[in-house]
Amino acid sequence: MPETLVERLDHALQAFAEENGYGDSVETFVPGVGEAFGVRVPQLRELARELFSTYRKQPERLIEVSRACWRRGCREHRLIALFTLARMRGLSPAERWVMGEEFLPDVGDWETCDQLCAALLGPALAEEPAFMEKLETWSDNENFWVRRAALVATVSLRGSRLEPGQLLTLNRRTLKMCARLLDDPEPYIRKAVDWGLRELVKRDYGLGRDFLFDRAAHEPAYPARATLKLAARKLKEKDQQRFFDLLGDAAQG
């Protein structure tokens with residue numbers, strides 16, 4: 001039964017926590033994390049690897065156990081669920097998306113949000129561009145973790161095997177979301193905008209550079225100004241200089 005495996009994980013996590021975990025300090029790195037053993041990510045990935053290896057020929061069992069881990073509710077079980085699902089190459093984009101939507105309302109911290117995007121939502125988007133439409137609606141969601149997921153999911157487009165024309169369209173739509181969220185009052189959203197822009201510059205340098213130039217030329221207010229400065233660090237030196245000239249600042253980065 002999945003619940004039996006979850007109980008076994010409880011014991012393993014407790015042993016890791018007592019041996020070399022970081023206990024209450026996890027709240028320092030992941031504010032709002034809720035219940036947590038304080039086990040480090042490499043150890044959680046190893047537990048997920050062992051779980052996957054044991055049941056790799058039983059994908060339905062792996063999904064069932066992952067859902068049970070997610071329902072358990074603590075940080076470590078949820079990350080193990082996501083790390084396990086990330087290993088399941090046979091999952092279709094639709095299957096990943098369904099679980100991503102199922103789990104997303106429970107997210108309450110940046111770590112779980114970002115790993116959810118890396119394991120489920122992002123890979124689904126990287127194979128099926130139609131999911132971008134849903135992400136765009138999330139960028140206006142009142143839950144700021146949902147807004148963050150809308151941008152963080154696009155990070156997985158790096159390395160996507162989509163046709164160039166499809167990827168260009170998704171990159172342009174990503175920039176529209178970034179523009180919409182540049183002035184978001186929530187710091188976790190501004191960090192996601194910075195991340196989304198930096199990753200886009202890596203995927204399509206010219207498109208990302210021109211977006212930063214355009215925004216700099218339109219006298220952005222703080223905090224958009226600060227976010228754009230951070231993202232501009234990924235520009236080439238001469239383009240950074242051009243960016244700061246447009247912004248009216250001395251080049252810094």
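Start with the positive surface patch: select Arg45, Arg56, Lys57, Arg87 and Arg89, which form it together. Keep in mind that this is a predicted model. Is Arg45 buried, partly exposed or exposed? It counts as partly exposed, because its relative accessibility is 40%.

Select Gly38. This glycine is placed in the loop between helix H2 (26-29) and H3. Its relative accessible area is 0%, so Gly38 is buried. Gly38 and Tyr22 are 16 residues apart in sequence. In space, their C-alpha atoms are 5.0 Å apart.

**The cysteines**

How many disulfides does the structure hold? The count is zero. A disulfide is a covalent bond between the sulfur atoms of two cysteines. Show the cysteine side chains and check two of them.

- Select Cys69. The closest cysteine sulfur belongs to Cys74, at 8.7 Å, and that is too far for a bond. Cys69 counts as buried, because its relative accessibility is 0%.
- Select Cys178. Here the closest cysteine sulfur is in Cys117, at 13 Å, again too far for a bond. Cys178 also has 0% relative accessibility, so it counts as buried.

**Salt bridges**

Side chains of opposite charge can pair when their charged atoms come close. The structure holds 17 salt bridges. Visit some of them in turn.

Begin with Arg75 and Glu111. Their closest N and O atoms are 2.7 Å apart, and the two form a salt bridge. What does this pair link? It joins distant parts of the chain, 36 residues apart. Arg75 belongs to helix H5 (residues 75-86), and Glu111 to helix H7 (residues 110-127). Check the accessibility of each partner. Arg75 has a relative accessible area of 2%, so it is buried. Glu111 counts as buried too, at 8% relative accessibility.

Stay on H5 and select Arg78. Arg78 forms a salt bridge with Asp106, with the closest N and O atoms 4.0 Å apart. Arg78 lies in helix H5, while Asp106 is in the loop between helix H6 (93-103) and H7, so the pair ties together parts that are 28 residues apart in sequence. Are the two partners buried or exposed? Arg78 counts as buried, because its relative accessibility is 15%. Asp106 has a relative accessible area of 40%, so it is partly exposed.

Move on to Asp184 and Arg147. This salt bridge has its closest N and O atoms 2.9 Å apart. Where do the partners sit? Asp184 is in the loop between helix H10 (164-181) and helix H11 (187-203), and Arg147 is in helix H9 (residues 144-152), so the pair ties together parts that are 37 residues apart in sequence. Both Asp184 and Arg147 are buried.

**Last stop: a network**

Finish by selecting Asp10, Glu35 and Arg72 together. Which kind of contact links these residues? Asp10, Glu35 and Arg72 are linked in a network of salt bridges.

Key. Residues numbered from 1 in each chain as written. Predicted model: local features only at pLDDT ≥ 70, side-chain atom pairs only at ≥ 80, totals over all residues. Heavy atoms only, no water. Patch = residues over 30% accessible without salt bridge, like charges linked within 9 Å, V, L, I, M, F, W, Y side chains within 5 Å. Areas by Shrake-Rupley, 256 points an atom, 1.4 Å probe, with all protein chains shown as cover. Salt bridge = Lys/Arg side-chain N within 4 Å of Asp/Glu carboxyl O. Lys, Arg positive; Asp, Glu negative; His and termini not counted. Charge placed at Lys NZ, Arg CZ, Asp CG, Glu CD. Buried < 20%, exposed > 50% of the residue type's maximum accessible area, 1.4 Å probe, protein only. Disulfide = S-S within 2.5 Å. Helix = DSSP H or I, 4+ residues; strand = E, 2+ residues; numbered from the N terminus.
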